[in-house]
Amino acid sequence: MCTYPISLDEGLVMEAENVLQINESFQTWLQQQVEIWLLAQVKAKKRSHSRHGRLSDDELAERLKDYPLLEESDFPSLAAEDYGVYLKSRSGQLPKGLEQWL
């Protein structure tokens with residue numbers, strides 16, 4: 001267990017005790033609240049690292065919202081015979097900017 005001295009406004013502490021109806025000592029209650037908050041912060045950080053930097057769908061949508069929507073015409077139509085030619089010409093090449101998402 002570690003001890004960290006902090007200073008709080010006495011009036012604020014008294015108001016918090018009344019409003020929050022703290023039945024135990026304020027110090028004990030505050031320690032529990034800080035530990036709960038710290039644990040939540042640590043878990044959130046671990047979760048964000050466990051995704052290996054991948055974005056959630058919502059985060060990705062937010063980042064891409066200013067880009068134009070893709071249309072069917074943005075993608076070439078390839079017949080089976082054209083596919084071999086296309087594959088040879090594009091093999092090993094990534095579209096510009098795509099490497100940042102891999």
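Modeller: In this predicted model, Gln 21 sits in the loop that links α1 (10-19) to α2.

Biologist: Is Gln 21 buried or exposed?

Modeller: The reading rests on relative accessible area, where exposed means over 50%. Gln 21 has a value of 63%, and therefore is exposed.

Biologist: Let us turn to aromatic rings. How many aromatic pairs does a search of the whole structure find?

Modeller: The search finds one. Its members are Phe 26 and Trp 29, whose ring centres are 5.6 Å apart and whose planes meet at 35 degrees.

Biologist: Why is the pair of Phe 26 and Trp 29 counted as tilted?

Modeller: Planes under 30 degrees apart count as stacked and those over 60 as edge-to-face, with the rest tilted. The angle between Phe 26 and Trp 29 is 35 degrees, so this pair is tilted.

Biologist: Where do Phe 26 and Trp 29 lie?

Modeller: Both belong to helix α2, with a spacing of three residues, which is about one turn of the helix. As for its cover, Phe 26 counts as buried because its relative accessibility is 13%, and buried means under 20%.

Biologist: Which residues make a nonpolar surface patch?

Modeller: Val 34, Trp 37 and Leu 38 make a patch of about 300 Å². Val 34 is found in helix α2, which covers residues 26-50.

Biologist: How is the accessibility of Val 34 classed?

Modeller: Partly exposed is the class between buried and exposed. Val 34 counts as partly exposed because its relative accessibility is 37%.

Technical notes: Residues numbered from 1 in each chain as written. Predicted model: local features only at pLDDT ≥ 70, side-chain atom pairs only at ≥ 80, totals over all residues. Heavy atoms only, no water. Patch = residues over 30% accessible without salt bridge, like charges linked within 9 Å, V, L, I, M, F, W, Y side chains within 5 Å. Areas by Shrake-Rupley, 256 points an atom, 1.4 Å probe, with all protein chains shown as cover. Salt bridge = Lys/Arg side-chain N within 4 Å of Asp/Glu carboxyl O. Helix = DSSP H or I, 4+ residues; strand = E, 2+ residues; numbered from the N terminus. Buried < 20%, exposed > 50% of the residue type's maximum accessible area, 1.4 Å probe, protein only. Phe/Tyr/Trp six-rings, centres within 6.5 Å; stacked < 30°, edge-to-face > 60°.
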